[in-house]
Amino acid sequence: MDEQRTWWKEAVVYQIYPRSFADSDGDGVGDLRGVIEKLDYVAGLGVDVIWLNPVYESPQHDNGYDISDYRAIHEEYGTMGDWEELLAQVHERDMRLVMDLVVNHTSVDHEWFQKSRRDEDGYREYYFWHEGEDGEAPNNWTSGFGGDAWNYDETAGLQYLHLFDETQADLNWDNEAVRENVYDMMNWWLEKGIDGFRMDVINAISKPEGLPDGDPDSEWVGIEQFTNGPEALGYMTEMATETYDDYDVMTVGECLDVDPETGSDYVGADGPIDMLFHFEHMSVDQKSGWLSPSEWNLTDLKAVFSEWQTDLDGWNSLYLTNHDQPRIVSRFGDDGEYRRESAKLLGTLLFTLSGTPYVYQGQELGMTNYPWERLEQLDDLQSVGKVEAAIEAGEIADFEEVKQAVRDRSRDNARTPMQWDDSEHAGFTDGEPWLPVNPNHETINAAAAVTDRDSVLHYYRDLVELRETHEELIYGAYNLLLPNHESVWAYRMELEDDAVLVALNVDDTETTVTLDDAARTEELLCSNYNPPTEAGASLTLRPYEARVYRLE
Ligand code: GLC
């Protein structure tokens, strides 16, 4: 464990997906002025940092992860003036602003790609261009959104690599000019006063020489080749030295295909980034492919978290959902009868492990997945791409066949508009929202949560405070108790003389466990049931009950 104390270890991060947060001008799309208007709400949660998903100029095929100009603000979101005001207002409230950095790929509309396809001014080598034999793709890699990872470009007469959508072309980091341009751009943002970067698929930036074929049986063919490539660590280290090492900022890298061992190279004492987002806990219900049912069990989830808590040589980031994941209460909780309890339980987990917690907009309200009925309702490239590819390949007949999987998995579950109140479009917009508003906004919304002391929102605020006043919840060592129990997740967090017991019943039936630690509880610090019950060596936990005790 990394014990040196820093502000970003003690911080709580709130993630804002600007397209779906708040629309100030009635065009149905969220914007920067909308975010500014809601800053008091965000500050009121007690969070310290805002991570803003991409707001750069973009044709928005992948909602801003397809950037056409890194130094301009996308028109629907506002102007650079609006962004500057946002930064100032965030700072005024003693919070910090972390920007998304998407440099594995650019939009094909980016000037670099335009010049590259025309082979102008030395730009050809900015991307990966290959002929492929007899019109075949140059290798067997697939796109993360379905279909293969190569696209033929008429202008160039060649195919280019895209690990994501065909409008997102992979940059060739082996070209020094690419790296220098990226570093210049990062320094330009750092000079503007930002407080850090969240780095999109950063460990995919180094592709191995010759772009060798990947394992054809893998769900994402090529992943073992294009992640953690030969220079991934080297380029990231160079990036750190050339840019943010001179600034007091935080960095978190989204890393595909990492375990605590490989992850330690990136976030260890000499590593280039402070924290990383891995996917291991997001894979426990994805064992049989994206379009198959999402079955999972608690022991797997515990094992993943426990491994990262104990084996990572570096600082953990803690997240349960984000703009790419379904709503957590629908996934690992119960979005029916025990929505409130299970949302609180999952919040308890997030705030009582060692690491920096990330809260995704609406998570603090216990927002749920959307009841998708038709493919046309969905916008997300990944969901639409996966379903269409399966229909095309004859694997399924229609949407109906995979509706439940899409309901469980789609990234659009996280992207439906933020639920501010019970009005027609949930207070998100006066216009037509770009994605449907969840009908349950009539009961699940921020206005209702603010006035209800028993809401998930108030519980999250309490958790933020609990973590602030109990350093063992930030810097403590994690000890898993009852590792094989199928519904109870219990652990002790210890720092010097302080110890805390966390007991979570991740199930809709009451469960009794015997725990030595439960016999030495001193004070109940937090509980999602009212009134709480007494502790003794045997602990009876009601459905989705969460309790945190200080131990003697
Ligand atoms: C990351 C982003 C995701 C995006 C993808 C391609 O995984 O979080 O939203 O689609 O990268 O940029």
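Is C526 buried or exposed? C526 is buried, with a relative accessible area of 10%, where buried means under 20% relative accessible area, exposed over 50% and partly exposed in between, for a 1.4 Å probe and protein chains only. The model is a predicted one, in which local features need pLDDT of at least 70 and side-chain atom pairs count only at pLDDT 80 or more, while totals for chains, interfaces and linings use all residues. Residues are numbered from 1 along each chain as its sequence is written, and side-chain values use heavy atoms, with hydrogens and water left out.

Another cysteine, C255, is also buried, at a relative accessible area of 0%. The structure holds zero disulfides, a disulfide being a pair of cysteine sulfur atoms within 2.5 Å.

The sheets come next. Helices (H or I, at least four residues) and strands (E, at least two) are DSSP runs numbered from the N terminus, and two strands pair if DSSP finds at least two bridges between them. Eight strands make up an open sheet with parallel pairing, in the order β13-β12-β11-β5-β2-β1-β15-β14. Its edges are β13 (275-277) and β14 (317-319), each of which has a single partner strand, so one side of each is left without a neighbour in the sheet. From one strand to the next the twist averages 25°, with axes taken as lines fitted to C-alpha atoms, for helices over the stretch in contact, and angles running from 0 to 180 degrees between N-to-C directions. Within this sheet, β2 (residues 49-52) and β5 (residues 96-101) pair in the parallel sense over four bridges, and L52 stands opposite M99 in β5.

A further open sheet has five strands in the order β16-β17-β18-β22-β20, and here the pairing is antiparallel. At the edges stand β16 (477-481) and β20 (521-527), each with a single partner strand, so one side of each lacks a neighbour in the sheet. β16 pairs with β17 (residues 488-495) in the antiparallel sense over five bridges, with A477 opposite E494 in β17.

On a 1 Å grid over the protein atoms alone, a cavity is a set of points where a 1.4 Å probe fits but cannot get out, whereas a pocket is an open set with protein on both sides within 12 Å along at least five of seven lines, and lining residues have an atom within 4 Å of a point. Grid points are joined across faces, edges and corners, and a volume is the space filled by probe spheres set on the points. The count comes to four cavities of 30 Å³ or more, and the largest cavity has a volume of about 70 Å³. Helix α10 (298-311) and β14 each supply at least two residues of its lining, α10 giving the most, with four residues.

The largest pocket has a volume of about 1300 Å³ and is lined by 44 residues, of which E219, W220, Q286, Q382 and K386 lie nearest its centre. Helix α13 (residues 381-392) gives the most to this lining, with four residues.

Two residues remain, both in the loop between β3 (56-57) and β4 (69-73): Q60 and N63. Q60 has a positive phi of about 65° although it is not a glycine, and Q60 is buried at a relative accessible area of 11%. N63, likewise not a glycine, has a positive phi near 45° and counts as buried at 4% relative accessibility.
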